[in-house]
Amino acid sequence: MLVDGIHDLGGMQGLGAVDHSPAEPVFRHRWEAVARALLLVVADAAGASGGEFRHAIERMEPGHYLTSGYYEHWLTAAATLAVEHGLVTVSELEARAGGRFPLSGPVLAPPVADAGPDAGTPRFGVGDRVRVREWHPPGHTRCPGYVRGKAGTVVRVDGIYSVPDIEAHGTARRHEPTYSVQFDAAELWGDGQRGVRVHVDLWDSYLEPS
Amino acid sequence: MSDSTHRPAPVSPVEQRVAALEALLTERGLVPEGFIEQVTRRYESETGPMNGAKVVARAWLDPQYKQRLLADGTAAIAELGFGGPEGDHMVVVENTAAVHNVIVCTLCSCYPWPVLGLPPAWYKDPPYRARMVREPRALLAEMGCPLPEEAEIRVWDSSAEVRYLVLPQRPAATEDMTEAELAALVTRDSMIGVARL
């Protein structure tokens, strides 16, 4: 299975047990709440879209991503976006923190200049068989690696939304219908498991007729 | 720690980084007065699984509400006063004796904030995100939710704009309970789908 970023975790093996607790505080430390609030501050000041914010987390160094929690991800994304949008500099951050301040890696995809026309009408309806495009974009996408190239069935047609792959890389926008597509787990993993269906919500351009 | 009353706990590197970013953004006038406290309060006390529990209890008691909830989750949830970011496009999936639903976000940590609050740490950590789509039956059993072999499992990966809420099955012998008593039975985990009631 090919994945394009460390965040694209669906199906990855060897990560161990889930550290499940039935209840826990919303914020375990005050800094977690502050990190959360600061990302909102930065996203607002930088005018960053949801796609750009998510991509800032996805660009974290993989070892750092896997060994830090959610709020450290938010902190790293907030600081990265703050630097990239000229709100603060790396040297200011490191001087104040009294040490290294790891930021996310650079954006690898070129900016999107021409988003193409919006797609107003769904190409697929409930019950249609579709196949997920097999491609590996260098930038942000909300198409998980584990369904690429796989065939499934549309079970729900949802609203028309901005394509994250485009909004993460500039000010251009394209809007497309989204679908919930059902995949048989046996087809996804080829392991004969029975009675398991995995549903993934996908934008129109991620799909082709099957 | 017993000595923590005498001197402050050592500041961890991540706390120092948060403090650095907070100070720089505040100096630039970008952090509105009281904003951090407002965000903290909102997620610590104004939203959480108690909201989703009210939705579930209402659906158990009122068949017409349940019908509306399954047809248009966003609108039916708004009837009880809940909505907002990460809850603008809600789909409610119903557990039955034959079908078990469970939600996950493999790419990040999408979660229905207005009805469940912020996600627990394990929901956001790599093992849950990696394994729930690959081996849900085994993982559910491991998390204390074994299912009969013949039960169908439907996993919902929140990869676009829709956020999901699981409507758990109403437990037996609850016919005489009030709506508030029913809501008290509904756990966060049952609405994620990693537990049955």
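**Confidence and contacts**

Modeller: Chain B has an average pLDDT of 94, and 95% of its residues score at least 70, where pLDDT is the predictor's confidence in each residue, from 0 to 100. This is a predicted model, in which local features need pLDDT of at least 70 and side-chain atom pairs count only at pLDDT 80 or more, while totals for chains, interfaces and linings use all residues. Residues are numbered from 1 along each chain as its sequence is written, and chains are lettered from A and ligands numbered from 1 in the order in which they are written.

Colleague: What are the ipTM and pTM of the model?

Modeller: The ipTM is 0.96 and the pTM is 0.95.

Colleague: How many residues does each chain put into the contact?

Modeller: Chain A contributes 64 residues and chain B contributes 58 residues, with two residues taken as in contact if their C-beta atoms, placed from the backbone, lie within 7 Å.

Colleague: And which elements of chain B supply at least two residues of that side?

Modeller: They are helices H1 (13-27), H2 (35-46), H7 (121-124), H8 (126-131) and H9 (136-142), together with strand S3 (152-157), all of chain B. H1(B) gives the most to the side of chain B that touches chain A, namely 12 residues. Helices (H or I, at least four residues) and strands (E, at least two) are DSSP runs, numbered from the N terminus.

Colleague: What is the make-up of that side by class?

Modeller: The side of chain B that touches chain A has 34 nonpolar, 16 charged and eight polar residues. Here Ala, Val, Leu, Ile, Met, Phe, Trp, Tyr, Cys and Pro count as nonpolar, Asp, Glu, Lys and Arg as charged, and the others, Gly among them, as polar.

Colleague: How does S3(B) pair with chain A?

Modeller: S3(B) runs parallel to strand S4 (residues 196-203) of chain A, and five bridges join them; strands are said to pair if DSSP finds at least two bridges between them. Val198(A) stands opposite Val155(B), and Val196(A) stands opposite Ile153(B).

Colleague: Which strand of chain A pairs with S4(A) in the antiparallel sense?

Modeller: That is strand S3 (residues 175-184) of chain A, over seven bridges, with Ser180(A) having Asp201(A) as its bridge partner in S4(A).

Colleague: Is S4(A) largely enclosed or open?

Modeller: S4(A) is largely enclosed by the rest of the structure, because eight of its eight residues are buried. A residue is buried if 20 or more other C-beta atoms lie within 10 Å of its own, exposed if 12 or fewer, and partly exposed in between, with C-beta atoms placed from the backbone. Val196(A), Val198(A), Val200(A) and Leu202(A) cover one side, while Arg197(A), His199(A), Asp201(A) and Trp203(A) are on the other.

Colleague: Changing topic, what is the domain assignment of chain A?

Modeller: Chain A has domain 1 (30-97) and domain 2 (129-209), with bounds that come from an automatic or database domain assignment. The centres of these two domains of chain A, taken over C-alpha atoms, are separated by 27 Å. Their contact takes six residues from domain 1 of chain A and five residues from domain 2 of chain A.

Colleague: Last one, where is Glu86(B), and what is its phi?

Modeller: Glu86(B) sits in the loop between helix H5 (73-79) and strand S1 (90-94) of chain B, and has a positive phi of about 65° although it is not a glycine. Glu86(B) is partly exposed, with 19 other C-beta atoms within 10 Å.
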